[in-house]
Amino acid sequence: MWRTIEKYGVAFCRYYLGGFNLISGLNYFVLFWPQPKVTDVTGNEFVIAAMDLNLFTYAKIFEIIGGACLVFNRFVPLGLVLLMPVTMNIFLVNVPWSPLPHVQLSVTRNLLMHLILLAAYANYFYPMLKAKTAPQPVWRDPSRIWRSF
Amino acid sequence: MLEIFFENMKDATFSFVMDGKTDMMSLNPLEHTNFEMMGTIFGIAGLVITFVLSRRGVKGQLPHTFTDEETEEDSLK
């Protein structure tokens, strides 16, 4: 019973987060709906500054790639890593500053789902917790890259 | 940060109106913005896909019994 809840719960989180980010990223370029505006003045200035610096464009590209990875269940750990700055940034901009409870709940839910997925795929992140490491350069054996696929 | 969060939550409503417009003061989980709606659609579709794929995989996991058959291979003749 618990295994079933685990399996479908993780699947739902993956598809939800993937779909959310994929559509959000595509909407920036294709504009299915009007771009959402940040209510708070300072937050809006941050978004406008990010758009002027083209940071928003790169963030949306990462959203599309990361969202597609999650939706199509390919390179999921990589997708989670790509989406982490986006999720954290949206959380940190909106939760302290947005006066709208719906927005605060939404971004908190996204962060929680992201953390659940990181925990679900933790096996692929354990090597990063190694305390003492020695460099193992990619140029010594580049074939390891495609052997990992 | 937490104070602002809890203060906003106090002003939140829980109206059950589903008229296609999102009330941003509402904590109603059934009221979605466009992206949340797409996320939910993807999530539910994904659950269906996961269920269908797991049912397909069941055939390959049916219990089977191994019956040994004598062969000529490696026989001492």
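Visitor: Starting from the N terminus, how do the elements of chain A run?
Guide: Welcome! This is a predicted model, and its chain A has six helices and zero strands. Read from the N terminus on, the elements of chain A run α-α-α-α-α-α.

Visitor: And what does the secondary structure of chain B come to?
Guide: Chain B has 77 residues, of which 10% count as buried. Its secondary structure comes to two helices and zero strands.

Visitor: What pLDDT does chain B average, and what ipTM does the predictor give the complex?
Guide: In chain B, 62% of the residues score at least 70, and the average pLDDT is 73. For the complex, the predictor gives a pTM of 0.79 and an ipTM of 0.80.

Visitor: How much of chain A counts as buried?
Guide: The C-alpha atoms of chain A fill a box of roughly 50 × 45 × 35 Å along the principal axes. A residue is buried if 20 or more other C-beta atoms lie within 10 Å of its own. Of the 149 residues of chain A, the share that counts as buried is 28%.

Visitor: Where the two chains touch, which element gives the largest share of chain A's side?
Guide: The contact takes 23 residues from chain A and 25 residues from chain B. On chain A's side, the elements giving two or more residues are α1 (2–30), α4 (76–97) and α5 (101–120). The largest share, 11 residues, comes from α1(A).

Visitor: How many residues on that side of chain A are nonpolar?
Guide: The side of chain A that touches chain B includes one charged residue and six polar ones. The nonpolar residues there number 16.

Visitor: α1(A) also packs on α2(B); is it oblique or roughly antiparallel to that helix?
Guide: Helix α2 of chain B covers residues 34–58, and its axis is 7 Å from that of α1(A), at an angle of about 140°. Angles over 145 degrees would count as roughly antiparallel. The angle here therefore makes α1(A), relative to α2(B), oblique.

Visitor: What hand does the crossing of α1(A) and α2(B) have, and how many of the contact residues are charged?
Guide: The crossing is right-handed. Residues that meet here include Y8(A), F12(A) and F20(A) in α1(A), and F35(B), M38(B) and L47(B) in α2(B). The contact divides into 13 nonpolar residues, eight polar, and, as for charged ones, one.

Visitor: Within chain A, at what angle do α1(A) and α3(A) cross?
Guide: Helix α3 of chain A spans residues 55–71, and α1(A) passes it in a left-handed crossing. The contact is made by residues including Y15(A), L22(A) and L26(A) of α1(A) and I61(A), I64(A) and V71(A) of α3(A). Their axes come within 7 Å and cross at roughly 145°.

Visitor: How are α4(A) and α5(A) set relative to each other, roughly antiparallel or oblique?
Guide: Their axes come within 9 Å and cross at roughly 150°, and the crossing is left-handed. Angles over 145 degrees count as roughly antiparallel. The two helices are therefore roughly antiparallel.

Visitor: How many charged residues does the contact of α4(A) with α5(A) have?
Guide: Among the residues that meet are L80(A), L83(A) and F91(A) in α4(A), with V107(A), L111(A) and L118(A) in α5(A). The contact divides into 11 nonpolar and six polar residues, and the charged count is none.

Visitor: In which loop does N54(A) lie, and is it buried or exposed?
Guide: Phi of N54(A) is near 70°, a positive value in a residue other than glycine. N54(A) sits in the loop between α2 (41–52) and α3 of chain A. Because 9 C-beta neighbours lie inside 10 Å, N54(A) counts as exposed.

Visitor: F75(A) has a positive phi; is F75(A) exposed or partly exposed?
Guide: Phi of F75(A) is near 55°, and its place is in the loop between α3 and α4 of chain A. With 16 C-beta neighbours inside 10 Å, F75(A) counts as partly exposed.

Notes
Residues are numbered from 1 along each chain as its sequence is written. Chains are lettered from A and ligands numbered from 1 in the order in which they are written. This is a predicted model: local features need pLDDT of at least 70, side-chain atom pairs count only at pLDDT 80 or more; totals for chains, interfaces and linings use all residues. Two residues are in contact if their C-beta atoms, placed from the backbone, lie within 7 Å. Helices (H or I, at least four residues) and strands (E, at least two) are DSSP runs, numbered from the N terminus. Ala, Val, Leu, Ile, Met, Phe, Trp, Tyr, Cys and Pro count as nonpolar, Asp, Glu, Lys and Arg as charged, and the others, Gly among them, as polar. Axes are lines fitted to C-alpha atoms, for helices over the stretch in contact, and angles run from 0 to 180 degrees between N-to-C directions. A crossing is left-handed if the near helix is turned anticlockwise from the far one by less than a right angle, and right-handed if clockwise. Angles under 35 degrees count as roughly parallel, over 145 as roughly antiparallel, 65 to 115 as roughly perpendicular and the rest as oblique. pLDDT is the predictor's confidence in each residue, from 0 to 100. A residue is buried if 20 or more other C-beta atoms lie within 10 Å of its own, exposed if 12 or fewer, and partly exposed in between; C-beta atoms are placed from the backbone.
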